[in-house]
Amino acid sequence: MTHKGTVTLETERLILRRFTTDDADAMFRNWANDPEVTRFLTWQPHGSIDITRKINQSDVSKYENSSHYQWAVVLKSLVETIGGINVVRIDEPCSCFEIAYRIGKAWWRQGIAIEALSAVIKFLFEQIGANRITASYDTRNQNSSAVMRKCGLRYEGTLRRSGCNNQGIYDAACYAILSEDYFGQRKKEISNVSHKWEYRLAVPSDASELLKLNDLFNGEDCNNLAAIKSSLKNNTQEIVCVAADGEKLRGFCCGQIFKSMCYDVNYGDITELFVIESYRRQGVASDLMSFIESEFQNQGINHFQLFTGGENKIGQAFYKRQGYEPTTEMMFRKRPLNGETKND
Ligand SMILES: CC(C)(COP(=O)(O)OP(=O)(O)OC[C@H]1O[C@@H](n2cnc3c(N)ncnc32)[C@H](O)[C@@H]1OP(=O)(O)O)[C@@H](O)C(=O)NCCC(=O)NCCS
């Protein structure tokens with residue numbers, strides 16, 4: 001790795017630059033004194049501009065260190081700082097970086113954090129030689145998961161009761177992106193510039209496209225159009241996510257919550273995953289999995305499980321890549337008691 005310190009980065013709407021002592025007023029006004037911004041952070045709202053000034057001075061003095069990365073997020077249209085993004089930990093031998101960020105409430109839900117985090121990820125991989133970039137959040141703060149996912153970080157697990165912030169002890173959902181994910185994704189973006197997938201929950205009007213995919217995946221006659229439509233409308237137990245390319249669906253993923261009085265954790269059970277052959281190895285299934293996992297997380301589910309065929313080596317390679325490990329359990333299924341043979 002070659003450290004370069006906090007160099008200025010530019011995106012479409014933002015300048016990420018070093019803090020200066022002139023930033024204290026905007027910091028205090030825009031986020032540092034707002035209890036909603038600090039709700040899931042480890043520090044209290046500043047309460048007085050003098051505290052912000054002191055902290056700002058201490059931050060500014062750290063830039064002499066070439067491995068100190070702390071950017072003021074400046075909106076070009078406002079020319080003042082509306083948040084900050086910084087590296088909170090570096091593991092030098094492993095070239096790993098942990099990132100944290102905060103944006104003033106007036107600028108939430110405008111994609112600012114995604115734009116800032118994407119720029120820092122690009123800088124750390126392309127200019128510093130990072131191997132791995134991580135970020136984590138209190139599982140009660142679900143807004144953070146979408147930011148991390150949209151920047152290409154993948155969910156790796158939850159460290160239970162491992163952090164402490166203004167809400168007390170919390171479970172930390174951990175996300176990471178590796179340099180190979182980043183450069184692999186960049187290669188795919190370059191070779192697929194014309195393809196922009198949309199990942200979303202299925203709606204009843206997707207039924208005929210889903211029927212086609214299900215026929216390819218599970219064989220024809222597994223289900224019919226009316227039943228799929230009705231299931232999408234009425235089955236509140238199942239989450240169905242799709243990868244859409246305009247009107248056409250290229251893949252889908254289904255899941256439901258596995259709940260038992262025997263266990264204190266509920267699992268997100270991934271039951272189906274399919275991508276049309278000509279669309280494979282482009283990250284579609286990985287994105288579908290991230291999408292469905294975050295849908296489960298929105299319902300407070302942080303544990304996931306699935307079954308796949310013992311012979312399905314591709315499926316197994318894929319799931320391992322997503323962080324799933326095989327267990328020794330075997331699935332048993334009984335023949336239907338009414339003698340039917342269909343779908344068994
Ligand atoms: C398994 C399946 C869903 C993967 O879909 P996909 O969109 O090609 O997957 P991704 O592009 O997101 O692959 C992510 C990673 O998984 C692994 N992987 C995927 N396909 C693989 C293959 N054929 N061989 C080895 N590894 C593979 C790779 O590590 C890949 O990353 P890389 O392309 O950067 O090397 C797809 O092959 C499929 O629909 N198969 C038939 C249905 C099925 O078996 N479903 C799972 C059982 S329920």
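**Figure 1. Five strands side by side in an open sheet.** In this predicted model, β9, β10, β11, β12 and β13 line up in the order β9-β10-β11-β12-β13, forming an open sheet with mixed pairing. Here two strands pair if DSSP finds at least two bridges between them. The strands themselves are DSSP runs (E, at least two residues), as are the helices (H or I, at least four residues), and both are numbered from the N terminus. Look at the edges: β9 (198–201) and β13 (303–306) each have a single partner strand, so one side of each is left without a neighbour in the sheet. On average, neighbouring strands of this sheet are turned by 30 degrees against each other, direction ignored. As a bit of background, strands of a sheet pair through backbone hydrogen bonds, either parallel or antiparallel.

A word on reading these views: residues are numbered from 1 along each chain as its sequence is written. Since the model is predicted, local features need pLDDT of at least 70 and side-chain atom pairs count only at pLDDT 80 or more, while totals for chains, interfaces and linings use all residues.

Figure 2. Zoom in on β12 and β13 and you'll find them pairing in the parallel sense over four bridges. Pick out G268, and its bridge partner in β13 is F304. Helix α6 (residues 207–218) packs on this sheet, where it touches β11 (248–258) and β12. The direction of α6 makes about 80 degrees with that of β11. For such angles, axes are lines fitted to C-alpha atoms (for helices, over the stretch in contact), and the angles run from 0 to 180 degrees between N-to-C directions.

**Figure 3. Who sits around the ligand?** The ligand is surrounded by 20 residues, and the closest are R280, A285, S286, G315 and A317. To count as near, a residue needs its C-beta atom, placed from the backbone, within 6 Å of the molecule. Sorted by class, the shell has nine nonpolar, seven polar and four charged residues. In this sorting, Ala, Val, Leu, Ile, Met, Phe, Trp, Tyr, Cys and Pro are nonpolar, Asp, Glu, Lys and Arg are charged, and the others, Gly among them, are polar.

Figure 4. The protein chain is split into domain 1 (9–185) and domain 2 (192–321), with bounds from an automatic or database domain assignment. Their C-alpha centres lie 32 Å apart. Still, 10 residues of domain 1 are in contact with seven residues of domain 2, where contact means C-beta atoms, placed from the backbone, within 7 Å. On the domain 1 side, α4 (143–150) and β7 (154–165) each supply at least two of the touching residues. That side has three nonpolar, five polar and two charged residues.

**Figure 5. The β7–β8 hairpin.** Strand β7 runs antiparallel to β8 (residues 168–178), and eight bridges join them. The hairpin between β7 and β8 goes through two residues. Check N165 here: G168 in β8 stands opposite.

**Figure 6. L9 and the residues it meets.** L9 belongs to strand β1 (residues 9–10). Setting aside neighbours within four places in sequence, L9 is in contact with L16, W71, A119 and F123. L9 counts as partly exposed because it has 17 C-beta neighbours inside 10 Å. The cut-offs are simple: with C-beta atoms placed from the backbone, a residue is buried if 20 or more others lie within 10 Å of its own, exposed if 12 or fewer, and partly exposed in between.

**Figure 7. Two loop residues with a positive phi.** Most residues other than glycine have a negative phi. S95, in the loop between β4 (80–91) and β5 (96–103), has a positive phi near 55 degrees. With 16 C-beta neighbours inside 10 Å, S95 counts as partly exposed. R281 isn't a glycine, yet its phi is positive at about 55 degrees. You'll find R281 in the loop between β12 and α8, where its 9 C-beta neighbours inside 10 Å make it exposed.

Key:
Two residues are in contact if their C-beta atoms, placed from the backbone, lie within 7 Å.
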